[in-house]
Amino acid sequence: MSQASVRYIVFFVSMIGLSGLLPAAERLDLSTAVIVVRPEAGPAVRKAVAVLQEEIEKRTGLVPAVISSWPTAPQTVIVIGLQSHVGQFVPDSVPQVRQRAVPSAEGFHLSVNKDQQPVVLIAGRDERGVLYGVGMFLRKCEWAPGALQIPMISMTTSPEYPLRGHQLGYRPKTNSYDAWSHAQFDQYIRELAFFGTNSIELIPPVSDDDRTSRHMKLPAMEMMTKVAASCDAYGLDVWIWYPNVGKDYTSKKGIAYELNERDEVLGRLSRVDHLLVPAGDPGDLHPDKFFPFMDSLAPVLRRHHPRAKIWVAPQAFRPTNDWLEKFYDYINQKPNWLGGVVFAPWVKTPITELRDRIDLSVPLRRYPDITHSVSAQYPVKDWDQAFALTLHRECYNPRPLAMKTIHNAFDEYTAGTISYSEGINDDVNKFVWSGQDWNSDENVVETLRDYARLFISSSHADSVAHGYMALERNWEGSLAVNPQVEVTLAQWRRLENEVSGFGRTQYRFDMGLLRAYYDAYTKRRLVYETELEMRARDVLRTAPDIGSRNAIASAGRVLERASERVATDYRDQILDLGDSLYEKIGSQLTVKRHGAQNRIRGAFLDGLDEPLNNALWFLAEFDRIHLLVDESDRLAAIEDVLGRQDPGPGGFHDDLGAAGSTRRIVNTVPWEKDPGTLKSSRIAYDYRIHAEADRAFPLAWKRQAYAIYETELTFNYDNLDPEAGYRVRVVYGTKGEKIQLVADDVLQIHGLIETKPKRIQEFEIPHAATADGNLRLTWSCGEAQRGVQVSEIWLLKN
């Protein structure tokens with residue numbers, strides 16, 4: 001998987017995690033250092049030098065002078081240049097000069113020495129390597145007002161993968177980037193480059209989104225032009241994600257319109273290296289239309305950017321096998337405009353099979369969804385429903401260990417990555433992923449220490465790094481019994497008190513702190529509201545004694561006590577931090593307060609008080625029961641509500657998505673090898689906020705086992721009564737696909753049926769399927785369906 005053992009010639013880092021505790025002998029004071037760069041250095045090298053000066057000044061107030069020749073008087077020196085040049089002006093007495101050889105493109109040598117003269121050497125194999133060397137230097141420095149130090153380190157390193165990038169879209173859907181200025185984009189691109197990014201993917205003004213928002217500082221095309229120029233100034237490749245969202249790609253008039261629109265965009269950009277054009281999501285072009293349009297697009301692209309290539313992704317929500325065969329047939333003809341193929345969300349073919357189906361000379365790129373937590377290419381594994389209901393798809397989501405696992409599961413099949421991102425919410429994941437693309441053996445906590453040291457506080461680098469790791473552990477297992485949540489909040493609250501100055505002004509600190517409070521608040525609410533539901537159930541059981549209408553009225557009052565909020569100090573802090581983040585980076589965490597485009601994406605504060613128990617369903621049932629005329633009918637209805645999940649004597653009930661309920665599901669591929677669940681199942685959630693339809697069904701129906709595309713969902717039962725007959729009651733999911741069910745692989749329970757009109761259905765099980773005391777149920781969907789969803793199952797004994 002990793003070739004880092006070859007490419008990392010030397011990599012020694014002193015105990016950088018213990019910032020501030022290193023003895024003077026193990027670090028070099030750079031407070032009075034000067035930067036030496038040759039006068040013939042090119043603009044990219046000089047850009048790297050200017051970046052270094054600016055970043056040092058932001059954190060320390062120091063501005064190192066730049067000189068063009070070796071100082072005559074003893075002085076601490078930072079040497080920056082190409083490896084082919086530095087030996088021409090650095091004295092032979094500087095030992096690093098003889099050890100600076102960098103073997104591969106974009107690599108660099110960074111070393112610190114003070115044996116004879118204090119010298120930091122940053123030597124790049126090429127101009128990008130110089131920038132990455134400056135970035136690593138900044139990542140390892142220790143900062144304070146008026147002070148700058150660096151540990152005694154020596155490393156020579158080159159990237160493991162040639163493609164390392166992220167998508168930055170200036171559009172309303174991102175719920176943050178649309179509020180940014182050009183200066184903020186420029187700074188963010190610079191910071192990504194510090195961690196090895198070499199490509200930025202932009203989105204044109206016409207996409208699957210509104211063209212403008214109230215937050216935009218500039219028109220979309222003008223901002224795109226400026227951001228592309230920034231990428232070029234840093235020497236980074238410019239990609240464009242260019243979906244086909246028009247209506248006519250067949251007629252001459254329609255094609256001309258689409259090509260003219262692209263001609264205008266491409267002609268205004270100073271640099272374009274590649275286009276990524278998805279076949280779907282958004283858009284929906286059959287390969288027989290898609291590839292001829294690419295043939296027409298290629299000359300338009302080359303007219304403005306002669307060396308640019310087009311990469312394509314076989315994305316489609318409902319592809320048939322014929323659709324896929326034709327797509328790969330076109331690819332294997334290797335048109336001259338083709339740069340490669342992209343493995344993206346909603347690509348049905350697993351990446352290992354994709355590599356086998358296309359010619360080996362055609363490179364693959366990954367386009368991983370690192371931004372979404374649910375309803376995603378890589379959803380959070382076994383996420384608690386309380387988080388899905390409140391945090392939704394695009395919350396602040398540091399997942400360092402998951403990102404490393406997902407990256408390393410398939411990295412050897414591709415040339416690298418440009419991630420799919422919808423905003424700043426996945427900021428930590430971007431830097432972790434870039435770190436893994438540079439060296440897939442790197443421990444993610446080391447990347448996080450660099451991230452915290454550079455962006456927040458060098459004296460708290462290890463504590464902040466572990467704070468982000470702790471946030472990921474908050475999402476492991478059942479929230480109600482996860483003790484990590486309180487530990488994580490305690491750690492972040494201590495940092496809240498200790499971090500000051502530069503660090504406390506940084507949005508990245510606020511993002512982590514907000515999540516710590518949010519998770520703790522959600523846990524407190526979950527425990528409280530679950531207890532209210534239990535108390536309401538207790539009241540309902542007294543209905544035969546106090547009367548049905550008295551019981552439902554009393555139970556309703558208990559459930560309505562959820563409006564009496566708990567942990568209000570946590571809630572207040574969350575809202576204050578949300579406002580702070582809006583002011584700092586335009587992070588739109590609410591629709592009304594911050595002007596987010598919609599609630600189910602980045603506006604997760606709108607889910608802060610989303611109900612976490614079945615109160616809405618209970619209250620709707622109470623309204624129905626109250627209208628019944630006879631007391632006996634009302635009492636029977638209350639008993640049905642209380643016993644909704646009861647499978648009866650000898651029966652079984654499984655609530656798929658509840659803790660431990662997936663034990664019957666047969667997954668032949670572990671998550672670590674199939675994190676996108678193309679060969680196994682996942683737990684999925686309906687995460688709509690304040691939906692009126694939610695009153696019609698319990699929370700259990702808002703979660704489901706989900707096997708996507710034609711992957712089967714298989715359930716095993718054992719220890720059944722071989723003499724008895726059984727029937728199965730199923731609550732199907734919200735997608736409403738055509739689904740069929742068989743027992744023991746051969747006995748049909750029902751053929752392909754529409755599941756949306758009637759989510760809950762019941763079927764007899766042939767006795768032959770249970771006669772041996774075991775039962776295997778397998779659901780599958782028809783071709784070109786999006787998959788199987790099952791929320792609840794009762795196996796009822798006749």
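In which helix is Ser434 found? Ser434 lies in helix 13, which covers residues 427–438, where helices (H or I, at least four residues) and strands (E, at least two) are DSSP runs numbered from the N terminus. Ser434 is buried, with a relative accessible area of 1%, since buried means under 20% relative accessible area, exposed over 50% and partly exposed in between (1.4 Å probe, protein chains only). Leaving aside neighbours within four places in sequence, Ser434 is in contact with His166, Phe195 and Thr197, contact meaning heavy atoms within 4.5 Å.

This is a predicted model, in which local features need pLDDT of at least 70 and side-chain atom pairs count only at pLDDT 80 or more, while totals for chains, interfaces and linings use all residues. Residues are numbered from 1 along each chain as its sequence is written, and side-chain values use heavy atoms, with hydrogens and water left out.

The protein chain as a whole can be described by the following values.

| Property of the protein chain | Value |
|---|---|
| Helices | 23 helices |
| Strands | 28 strands |
| Box filled by the C-alpha atoms, along the principal axes | roughly 100 × 65 × 50 Å |
| Buried residues | 62% of the 798 residues |

The radius of gyration of the protein chain, taken over C-alpha atoms, is 29 Å, which agrees with the value near 28 Å that a compact globule of 798 residues would have; the globule rule is 2.2 Å times the number of residues to the power 0.38. Among contacts between residues at least 6 apart in sequence, 76% join residues at least 24 apart.
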